[in-house]
Amino acid sequence: MSEPLNKNSKQPGEEPRVKLPEAQPRGYFEGESMTRRHVFTVASQAIGGVAAAAVVLPVVGFAVAPLFSRGEERWEAVGPVEDFNAEDYKQVVFTEITGIGEAGKTTAYIRKGSPEYDEDPNEFIAVSTRCAHLGCPVRFVQAAQNFICPCHGGVYDFLGKRIGGPPVRPLDRFQTRVRNGQVELGPRYSVTNQLKAVRVRDPGEFTGGIWEYLYPPRPSTFPPPSN
Amino acid sequence: MKLLPSRKKQSEADGSENGTDEAVAKPKRTAQAKQLATHHGTQAGIDVAGWVDSRTNASGIFTAMMSRHVPKGTNWFYTLGSATMFIFAMQAITGVFLSMYYTPSATQAYASITHMTNEVFMGEFVRGLHKWGASLMIILIFLHMARTFFFGAYKYPRELNWVIGVVLLILTTVMGLTGYLLPFDQRSFWATIVANNITASGPIVGPYLADFLRAGPDFSATTLSRFYALHMMVVPGLIAALIGAHLFLVVKLGTTAPPWIRAPRPKGARPTEVVPAGVAVEDNEEVPVNGAVAVSDESGASVEEAEANEAEAEAVEAETSEPTGDVVAPAEAADESAAPEADVPQAEADADPDAQGDAATDDSGDGEVNS
């Protein structure tokens with residue numbers, strides 16, 4: 001006589017082919033306080049859970065790791081100090097992101113700091129062309145002395161403060177320093193409407209006030225220059 | 001009781017029990033040699049199919065899926081879901097073949113796309129299918145969704161299928177977003193930049209979500225690989241799984257009749273004993289229920305429920321419609337426009353909504369009425 005496959009079947013109308021003597025009460029054997037079925041159910045589910053976690057947790061960590069890792073700080077020389085003055089912007093192209101070819105290049109407008117705007121005359125101001133609305137490249141229009149975005153009509157004044165259109169904050173800036181007579185550009189940072197430096201934001205995000213909490217700082221970005 | 005079919009010798013030994021199994025039934029008078037010759041000569045293919053079928057019940061599942069009863073009035077609008085699924089299959093197939101030529105690297109992606117489009121045999125056609133199919137799939141989904149909405153097919157008991165459908169719509173748009181970047185030309189690059197920036201402008205979680213999408217604070221070389229992996233593996237898998245769930249529910253619950261199909265009331269069968277709350281007994285054709293819902297909606301719901309029960313009964317016992325037969329008979333007699341035998345369960349559902357509706361109400365419509 002072979003072992004019946006369906007002796008524990010709960011299907012209605014399905015009779016076990018072989019009746020075994022049943023333990024009383026059902027499922028419990030002598031001296032046991034927990035059915036074996038229950039013990040093995042809990043144990044196998046626990047082991048299965050550990051095995052699943054051993055796979056899932058590293059994989060999830062692998063996928064979210066970039067949120068917590070900050071790249072190396074990059075500085076790139078864009079020209080000798082004499083090239084830049086306080087009255088006008090000079091356009092430079094440099095590589096902001098490596099490894100993606102042409103797509104990693106970006107444009108910045110650089111001028112010398114001017115006492116007229118409460119800036120250190122020995123500093124250099126590098127304004128990013130990334131529009132604070134959705135990230136289109138703005139250009140500086142000499143005749144208007146404004147930065148104008150071609151996509152949705154965002155307009156910024158000479159300092160990069162928003163004066164029209166949908167942008168939500170002034171244009172971003174890049175940290176600058178002088179090494180060996182060359183102006184070098186470093187990490188990007190964002191500014192508030194009062195041009196106070198804050199941690200870099202993506203376009204479309206407000207800066208200053210309560211927005212510093214609604215758009216919390218990301219561990220993947222560099223801290224802003226102190227000012 | 002369903003047992004695995006035993007082999008031929010055993011089935012002959014106790015033929016009375018397993019004799020109904022067509023897959024292994026053989027005439028006993030045939031000599032063994034001739035039987036073997038027949039077996040190897042003409043029956044081998046059938047036997048393989050029968051061998052698989054007897055172990056998987058594939059034909060039963062196929063019958064339950066493809067030969068289920070559909071409501072009267074089913075029309076071309078009901079094909080939009082299948083059309084969407086066909087486009088998904090086309091996208092899956094062309095996508096697999098496109099990946100044979102595509103290089104998901106920021107410096108080589110565009111070159112590989114131009115190569116496959118301009119130089120590979122039929123490359124432009126295959127890529128064109130994939131590109132235009134993407135738009136077509138979105139269009140078909142919205143048409144399918146509109147059909148479901150305007151025919152009221154999202155109502156009980158099909159709400160979960162609507163929810164699954166909405167998730168499928170979202171996943172399909174995610175496919176559109178991630179696939180748009182892959183050619184890596186100016187348009188796809190800037191579209192992705194903008195999409196990421198919109199994501200990032202959501203308060204609190206937005207910046208982190210955008211960081212996750214592009215694998216860092218800025219668009220980088222990893223972003224393309226990440227979008228490629230999402231487009232190629234993660235989202236299609238989810239979509240395929242959810243399409244399975246979507247179809248399962250369609251088969252289990254059945255489809256709805258169009259709203260303009262009115263269930264004809266059998267002559268002399270107007271019920272007086274069961275009246276919905278708020279309806280005047282004298283004239284329950286005209287008085288609205290709860291001040292807003294017309295009586296016609298009430299009877300429409302009965303038809304839906306009856307059909308849901310019908311589909312359930314079909315799914316449970318795919319072979320026989322005997323249990324519903326005695327319920328059918330009076331309705332068929334009463335309704336002069338009753339359909340012939342092929343449509344019998346349907347005729348019952350259409351012709352006798354009150355009986356079905358009452359039964360369903362008693363049973364809170366859980367589909368056990370007919371079984």
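Chain B averages 75, and 58% of its residues score at least 70. Now select residues 8-19 of chain B: the pLDDT there is below 50, and beyond near neighbours in sequence the stretch makes 10 contacts in the model. A contact here means that the C-beta atoms of two residues, placed from the backbone, lie within 7 Å. Residues 317-371 of chain B are also below 50, with 83 contacts beyond near neighbours in sequence. For the complex, the predictor gives an ipTM of 0.78 and a pTM of 0.68.

Some housekeeping before moving on. Residues are numbered from 1 along each chain as its sequence is written, while chains are lettered from A and ligands numbered from 1 in the order in which they are written. The model is predicted, with local features needing pLDDT of at least 70 and side-chain atom pairs counting only at pLDDT 80 or more, whereas totals for chains, interfaces and linings use all residues.

**Stop 1: the interface**

Show both chains: 25 residues of chain B are in contact with 22 residues of chain A. On chain B, select helices H9 (186-200), H10 (206-214) and H11 (221-253), each of which supplies at least two residues of the side that touches chain A. Helices (H or I, at least four residues) and strands (E, at least two) are DSSP runs, numbered from the N terminus. Which helix gives the most to that side? H9(B) does, with 6 residues. Colour that side of chain B by class and you get 17 nonpolar, 6 polar and 2 charged residues. Ala, Val, Leu, Ile, Met, Phe, Trp, Tyr, Cys and Pro count as nonpolar, Asp, Glu, Lys and Arg as charged, and the others, Gly among them, as polar.

**Stop 2: A:Pro203**

Next, pick A:Pro203, in the loop between strand E11 (197-198) and helix H2 (211-214) of chain A. Buried or exposed? A:Pro203 is buried because 25 other C-beta atoms lie within 10 Å; the cut-offs are 20 or more for buried, 12 or fewer for exposed, and partly exposed in between, with C-beta atoms placed from the backbone. Leaving out residues up to four places away in sequence, the residues that A:Pro203 touches include A:Arg130, A:His133 and, across in chain B, B:Asn197.

**Stop 3: the nonpolar cores**

Select A:Ala108, A:Ile110 and A:Ala126, the residues with the most contacts inside the largest nonpolar core, which has 23 residues. Such a core is a set of buried Ala, Val, Leu, Ile, Met, Phe, Trp, Tyr and Cys residues joined through C-beta atoms within 7 Å. Strands E3 (105-112), E4 (124-128) and E10 (182-191) of chain A each give two or more residues to this core, and E4(A) gives the most, with 4. Then jump to a second, separate core of 22 residues, including B:Ile113, B:Phe184, B:Ile193 and B:Leu224.

**Stop 4: a sheet in chain A**

Finish on the open sheet of 4 strands in chain A, ordered E5-E6-E7-E8 with antiparallel pairing. Two strands pair if DSSP finds at least two bridges between them. E5 (139-141) and E8 (162-164) are the edge strands, each pairing on one side only. Zoom in on E7 (155-156) and E8(A), which pair over 2 bridges; A:Tyr156 has A:Arg162 as its bridge partner in E8(A).

Conventions:
pLDDT = per-residue confidence, 0-100.
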